[in-house]
Amino acid sequence: MRPNAIELRAVSRRYGAGDSGVTALDDISLAFPTGTFTAVMGPSGSGKSTLLQCAAGLDRPTSGTVCLGDTELTALSERRLTLLRRERVGFVFQAFNLLPSLTAAQNVALPLRLAGRRPPKAEVRAALHRVGLGDRTGLRPAQLSGGQQQRVALARALITRPEVLFGDEPTGALDSRTGREVLSLLRTMVDAEDRTVVMVTHDPVATSYADRVVFLVDGRVSGELGGRVRASAGEIAAHLTTLEAVPC
Ligand code: ADP
């Protein structure tokens, strides 16, 4: 058994109170073992983003606990949580969120600067080299294609060597070929470096790069595919069709 990189126990997240309140997550228990790639799917409003934010320490559950390795996030002060997010988790979003006035290398170095560290040039260059952009270090985002910008965002997310990488539709803004390049990079990081990836996506092809797919409906886990055997895009698409049929 692999240790869990992230574990959610009986996590609920409610927004607002009383009759007008919304239960975004309803008593969810999920574990993400180290060295695995999990995709989270489900209809719009099913709680995917909320799940990611609670798992990453960006949002606090109303009840339940979230652990990153041996650290219980739900017990940390805001300050400790901010430090933990900076050093132990990485994020990639659909919008690349790069700073336009900074070069690729400066964008990648940013998390280290924010953590008060002087970014070693060789480390930054190596991070960009790993995502295939070793010869683009001095270019600004506007001089790069969408796929290249997302790879810079990936290098930036990985520069602190996070225990878990979270992706919220990381290929949502990319064409299918560049999307597949980014997904292959994520897959390689899991296989070659034993990293843990948790990714929200709508795309069955993106999901087929994962070891496991967790389906959410109405803030609850409605099913899983995969495990050790990776599900094919076709199996995932077929399962999604059954979910879409679930009345809200
Ligand atoms: P998904 O990512 O699957 O589209 P979300 O996690 O964004 O779902 O949302 C789950 C539910 O929680 C939805 O009903 C949504 O309207 C609600 N919700 C999300 N964020 C907020 C918020 N900040 N305030 C109130 N309701 C919210």
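Which residues line the largest cavity? I began my notebook with that one.

**Entry 1: ground rules.** I am working with a predicted model, where local features need pLDDT of at least 70, side-chain atom pairs count only at pLDDT 80 or more, and totals for chains, interfaces and linings use all residues. Residues are numbered from 1 along each chain as its sequence is written, and side-chain values use heavy atoms, leaving out hydrogens and water.

**Entry 2: the cavity.** I looked up cavities (on a 1 Å grid over the protein atoms alone, sets of points where a 1.4 Å probe fits but cannot get out). The whole structure has one of 30 Å³ or more. The largest cavity holds about 40 Å³ of space. Here is my answer: C54, G57, D59, R60, P61, V66, L73, T74 and L81 line the largest cavity, where lining means having an atom within 4 Å of a point.

**Entry 3: the pocket.** Next I looked up pockets (open sets with protein on both sides within 12 Å along at least five of seven lines). The largest pocket has about 470 Å³ of space. I found 16 residues lining the largest pocket, with R85, F91, P111, L114 and R156 nearest its centre. Strand 6 (strands are DSSP E runs of at least two residues) gives the largest share of this lining, four residues.

**Entry 4: T103.** Is T103 buried or exposed? T103 counts as buried because its relative accessibility is 13%, and buried means under 20% relative accessible area with a 1.4 Å probe, protein chains only. Leaving aside neighbours within four places in sequence, I see T103 in contact (heavy atoms within 4.5 Å) with T137, G138, L139 and R140.

How values were computed
Grid points are joined across faces, edges and corners, and a volume is the space filled by probe spheres set on the points. Buried means under 20% relative accessible area, exposed over 50%, partly exposed in between (1.4 Å probe, protein chains only).
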